[in-house]
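Hi everyone, thanks for making time this morning.

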Amino acid sequence: TKLVCTTIYSLPYGIVIGTNRGNLLFLEKGKHNDYIPIRFTLREKEAKVTCITASCLNYEYLAISFDSNEIAYIPLVNLFSNLKNEKFEITFNVICEGFHCGPITTMDVASQRPIIITTSTHDKTVRVWNYLTGHCEYCKIILEEKENCAEKEMNILAVAIHPNGYYIAISDVEMIRFFHLCYKELRFYNNDQITNEPNKSNCNILKFSNGGHLLAAVSERHV
């Protein structure tokens with residue numbers, strides 16, 4: 001995808017440009033009013049930067065919004081320390097996880113916790129929602145390792161949450177993966193390899209039993 005400028009913000013010591021890939025281009029103001037372009041990577045997944053602004057008093061923080069409805073902020077001291085150390089990966093903090101930037105394709109609800117889990121094949125994210133507060137508590141893009149050791153975003157087919165709200169099952173074309181839902185974290189727990197059982201591949205429906213001791217997996221006409 002071609003790198004395109006989507007928004008510009010001026011600082012006393014340079015110009016910050018947002019791009020359609022979720023990158024920042026910082027033009028540092030030189031001694032002779034020339035600008036030195038420096039490109040920073042903000043996030044693993046590409047998302048268009050829609051707006052940039054900074055705190056008005058001392059320009060201490062830089063706020064950035066994305067077309068995925070997420071809002072992040074960066075302490076500008078991190079930007080300049082990275083410039084000094086020639087590190088071009090910026091650590092940023094997400095203050096609003098936003099919503100899916102595509103249709104929700106699968107969803108499940110826990111019976112013992114006020115939690116709804118949703119996924120979208122468009123943005124490939126898993127989001128955990130608290131339906132009492134109406135807030136997205138956690139968002140994650142699950143990466144899977146291929147034979148050449150490269151990581152690729154997981155194409156999620158189905159998702160199910162355990163009745164107690166602490167375990168999540170996620171399926172793709174290869175296997176069913178189980179995750180432990182911790183505080184602000186989705187930790188890998190175990191997986192069910194299905195390479196030798198073709199009837200269990202491409203499971204497009206997952207559902208825990210009421211007691212949580214069984215998991216039903218549906219692939220075409222097979223359960």
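**A walk through the model**

Let's begin inside: the largest nonpolar core has 16 residues, and those that touch the most other members are Val-126, Ile-142, Ile-161, Ile-168, Ile-170, Leu-181 and Leu-186. By nonpolar core I mean a set of buried Ala, Val, Leu, Ile, Met, Phe, Trp, Tyr and Cys residues joined through side-chain atoms within 4.5 Å. Buried stands for under 20% relative accessible area, exposed for over 50%, and partly exposed for in between, with a 1.4 Å probe and protein chains only.

Which elements give two or more residues to this core? They are strands S10 (115–120), S11 (125–130), S15 (158–161), S16 (167–171) and S17 (175–182). Strands here are DSSP runs of E, at least two residues long, and helices are runs of H or I of at least four, numbered from the N terminus.

A quick word on where this comes from. This is a predicted model, in which local features need pLDDT of at least 70 and side-chain atom pairs count only at pLDDT 80 or more, while totals for chains, interfaces and linings use all residues. Residues are numbered from 1 along each chain as its sequence is written, and side-chain values use heavy atoms, leaving out hydrogens and water.

Back to Val-126. Leaving aside residues up to four places away in sequence, Val-126 has contacts that include Ile-117, Tyr-138, Cys-139, Ile-142, Ile-170 and Leu-186; contact means heavy atoms within 4.5 Å. Apart from this core lies another one, of 15 residues, with Tyr-9, Phe-26, Ala-47 and Ile-74 among them.

Now for the charges. Side chains of opposite charge can pair when their charged atoms come close. We call it a salt bridge when a side-chain nitrogen of Lys or Arg is within 4 Å of a carboxyl oxygen of Asp or Glu. By this rule there are three salt bridges.

My pick to show you is Asp-108 with Lys-207, whose closest N and O atoms are 3.0 Å apart. This pair links distant parts of the chain, Asp-108 being in strand S9 and Lys-207 in strand S19 (residues 205–208), 99 residues apart. Is Asp-108 buried or exposed? Asp-108 counts as buried because its relative accessibility is 7%, whereas Lys-207, at 43%, counts as partly exposed.

Next, Arg-177 and Asp-172 form a salt bridge, again with closest N and O atoms 3.0 Å apart. Arg-177 is buried at 9% relative accessible area, and Asp-172 is buried too, at 2%. Then there is Arg-187 with Glu-185, at 3.1 Å from N to O. Arg-187 is partly exposed, at 43%, and so is Glu-185, at 32%.

Lys-207 stands opposite Ala-216 in S20. S19 and S20 (residues 215–218) pair antiparallel over four bridges; strands pair if DSSP finds at least two bridges between them. Six residues lie between the strands of this hairpin, where Gly-212 takes a positive phi near 85 degrees.

Gly-14 stands opposite Glu-28 in S3. This hairpin has three residues between its strands, and Gly-22 takes a positive phi near 80 degrees.

That's my tour, and I'm happy to take questions.
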